[in-house]
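Thank you all for coming.

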Amino acid sequence: MNLKKELFTAFIISFVSLLCFTIMALLVSKHTIINFDRIIIYYVQGLEAPWLTNIMKVFTFIGGTIPAVIISLLSIIILYKVFKHRSELVLFIAVILGANILFITLKQLFHRARPDLHRLAEASNYSFPSGHATMAFALYGVLTFLLWRHISTHLGRTVLIIISVFMIVVIGISRIYLGVHYPSDIIAGYFISAFWLTLAIGFYQRYKERKYQLKQE
C-alpha cells in the first residue's frame, strides 16, 4: 500500500484546484473574462438544432436535483447493503453535502446574474459557480473513486472513467448550450468541486492509512 503517496497527491490536486477557482473568481469579479465566455457561448449555441436541444435538455435534467438525489440514495444503499463499507458511505455523503453547501454559499457570495444572450431554458438563482457542474463533478467523481476500488479489470475501469467524464462534461456543456450559464460558471464549478472532492479523499486516505498502521502494530 502506498497511502502516503496517494494522500500527498490528493492534497496537491486539492490546493491547485482551489487556486484555479480563486483565479477564475477574480477574473469574473473584475469582468475580464466576458470575451472568453461570449466566444464559447456563440460557438456552442451555434450548433443549435431541435434534436440537439432535446438531448441537452435531457442531460441538464439528469444533472438536476431530483436525479442527483435518486442516484445518491441508490449509491448510499449499495455502499451500505452490498459493499458494507461504512467509511466509504461517510466519504460519499461528505462529498455530496459539502459540494452542495459550497456552490450554494458561493452563489450568494458572488451574485452573478445569468447570461441573457439566448435562453433555451429557464433557471433561477445566481449563476456563479454552476450548481450542475459542481454536483456532476462531485457525484460522478466520488462514484468513480469508490467503484474503482471494486473493479479489478482494466476494461471495467476504462469504461467507468469514460462514462464519468462523459457525464460531467456533457452536463456542463448542456448548461452553456441552453443559455443558463457562462462557460466560466461551469469551469469554476469543476474547480471548486475538484477542490472539495480531493480534499475529502485526502482525509479519507489519511483515515485508511492510520487504520492500516494500527493493524500492523
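Predicted model: local features only at pLDDT ≥ 70, side-chain atom pairs only at ≥ 80, totals over all residues.

Which backbone nitrogen does the side chain of tyrosine 177 reach? The side chain of tyrosine 177 comes to the backbone nitrogen of alanine 49, at 3.1 Å, and this is what I will call a polar contact, meaning a pair of N or O atoms within 3.5 Å, where, within protein, one atom must be able to donate a hydrogen and the other to accept it, and where residues adjacent in sequence count only if both atoms are side-chain atoms.

Residues are numbered from 1 along each chain as its sequence is written, and side-chain values use heavy atoms, with hydrogens and water left out.

Let me stay with tyrosine 177, which is found in helix α7; helices here are DSSP runs of H or I with at least four residues, strands are runs of E with at least two, and both are numbered from the N terminus. Tyrosine 177 counts as buried because its relative accessibility is 1%, and the cut-offs are under 20% relative accessible area for buried, over 50% for exposed, and partly exposed in between, with a 1.4 Å probe and protein chains only. Leucine 52 is 125 residues away from tyrosine 177 along the chain, yet their C-alpha atoms are separated by 9.3 Å.

The axes of α3, residues 50-62, and α7, residues 154-177, come within 8 Å and cross at roughly 115°; the axes are lines fitted to C-alpha atoms, for helices over the stretch in contact, and angles run from 0 to 180 degrees between N-to-C directions. From α3 the contact is made by Leu52, Thr53, Met56, Phe59, Thr60 and Ile62, and from α7 by Phe166, Met167, Val170, Ile171, Ile173, Ser174, Arg175 and Tyr177. These residues divide into 10 nonpolar, 3 polar and 1 charged, if we count Ala, Val, Leu, Ile, Met, Phe, Trp, Tyr, Cys and Pro as nonpolar, Asp, Glu, Lys and Arg as charged, and the others, Gly among them, as polar.

Glycine 63 is found in the loop between α3 and α4, and glycine 63 is buried, with a relative accessible area of 11%. Not counting residues up to four places away in sequence, glycine 63 touches His132 and Ile171.

Now to the aromatic rings. Rings of Phe, Tyr and Trp (its six-membered ring) pair if their centres lie within 6.5 Å, and planes under 30 degrees apart count as stacked, over 60 as edge-to-face and the rest as tilted; by this rule there are 7 aromatic pairs. Phenylalanine 21 and phenylalanine 128 form a stacked pair, at 5.8 Å centre to centre with 20° between the planes. Phenylalanine 21 lies in helix α1 and phenylalanine 128 in the loop between α5 and α6, so the pair ties together parts that are 107 residues apart in sequence. Phenylalanine 21 is buried at 6% relative accessible area, and phenylalanine 128 is buried at 0%. A tilted pair is formed by phenylalanine 137 and tyrosine 190, with 6.0 Å between centres and 45° between planes; phenylalanine 137 is in helix α6 and tyrosine 190 in helix α8, 53 residues apart.

What kind of peptide bond joins phenylalanine 128 and proline 129? The bond is cis, with omega about -10°, and proline 129 is found in the loop between α5 and α6. Most residues other than glycine have a negative phi, and most peptide bonds are trans. Histidine 31, in the loop between α1 and α2, has a positive phi near 60°, and histidine 31 counts as exposed because its relative accessibility is 58%. Histidine 111, in the loop between α5 and α6, also has a positive phi, of about 50°, and histidine 111 is partly exposed at 45% relative accessible area.

Key:
Contact = heavy atoms within 4.5 Å.
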